[in-house]
Amino acid sequence: MTPEEEVRADLADELFGNARDFLNQGLVFLLSHPANDKAAKFLIVNLQMSLELLIKWHLVTNVGTQAIFEKPLAGIADLRKRIWAGELRSKDYNPLKQQFISLNQNRLQPPDIELLKKFQTYRNRIVHAFMSLTHEQSVILAIDMAFKVMRRIIGDDPHAPFTGYIDKELYKKLMGYKPYIEKSEEEAEQWSEDDVLLCWECKHQSLAEIHQYYYCFCCGISVPDDAIGYVKCPFCDEKAFAYDTLNVKDHGTTGRCLNCDEDASVDVCVHCDAPVFVELGGRHGKKGWYCELCESLADEV
């Protein structure tokens, strides 16, 4: 790694760490109890600071260190020392925001861009014009910002879920916060390639199948979609019975319904690979288990 690459990597780490700190402090105000309008102000200001730092992080990571500074950096002696001493002026937020938007035109929708502008306006009016927002107004804005913009900056990649950057105790509170849960379920509906499912981790209806992954928009957990099978439960008829598809072919497995909490032994049909609830139906033949549709083949050699 060259000295320039080392500076770039270290600067990106510092920007992201600071952004994460402001994000978590914003969540403290979001989840404050009892809710109050004073906390609403600090919620907006902290999330805006996090957003500005995340945009700088995104530009440094994807374009380079020069992207966020006004003065050309080539040939500057002791570049690292001067950056960390704050001697080099960074660009104002507006040109950085526009550069970020230009780089992400295929990922940001018009409502996302409008939200970026609205959030900045509210922050400026709170700081410079003594504007007040109710806690309810701030919650709606903050959760929209988290989902529609911050998640896209950090990345929609299931391997890097947004919730992975939240402090553990705040994460636990967020999993039970009704406005966030409702937004999670709404986002899952918009992204899902098939049915939105009940998540096995957080038990919210926010699990979507996206690009061969199951991804939960609430808790952020993800696994390849060939690792877990979701089928209609034989007890409650909801598509919420989950089982391990990677090991079931070798020796069967036990699955559980996330809706009614009933469990059952599961195998797969040797003819069509459909799941077989071995205690409730199907037939065991010379080659193994057959589902109800294929059980007439059970006696074939």
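Start your tour at the crossing of helix 1 and helix 6, which is left-handed. Keep in mind that you're looking at a predicted model.

**Stop 1: the two helices.** Select residues 3–30 for helix 1 and residues 135–154 for helix 6. Two packed helices are described by the angle between their axes and the distance between the axes. Here the angle is about 150°, and the axes lie 11 Å apart. Angles over 145 degrees count as roughly antiparallel, so that's the label for helix 1 and helix 6.

**Stop 2: where they touch.** Now show some side chains. On helix 1, pick Phe16, Leu23, Phe29 and Leu30; they meet His135, Val139, Met150 and Ile154 of helix 6.

**Stop 3: Pro3.** Stay in helix 1 and click on Pro3. Is Pro3 buried or exposed? Pro3 is exposed, because its relative accessible area is 64% and the cut-off for exposed is over 50%.

Stop 4: Jump to the open sheet, where 3 strands run in the order 1-2-3 with antiparallel pairing. Strand 1 (207–210) and strand 3 (222–224) are the edges, each pairing on one side only. On average, neighbouring strands here are turned by 20° against each other, direction ignored.

Stop 5: Zoom in on strand 1 and strand 2 (residues 213–216), an antiparallel pair with 4 bridges. Finish by selecting Ala208, which sits opposite Tyr215 in strand 2.

Conventions
Residues numbered from 1 in each chain as written. Predicted model: local features only at pLDDT ≥ 70, side-chain atom pairs only at ≥ 80, totals over all residues. Heavy atoms only, no water. Axes fitted to C-alpha atoms, helices over the stretch in contact; angles between N-to-C directions. Parallel < 35°, antiparallel > 145°, perpendicular 65-115°, else oblique. Left-handed = near helix turned anticlockwise from the far one by under 90°. Contact = heavy atoms within 4.5 Å. Buried < 20%, exposed > 50% of the residue type's maximum accessible area, 1.4 Å probe, protein only. Pairing = 2+ DSSP bridges.
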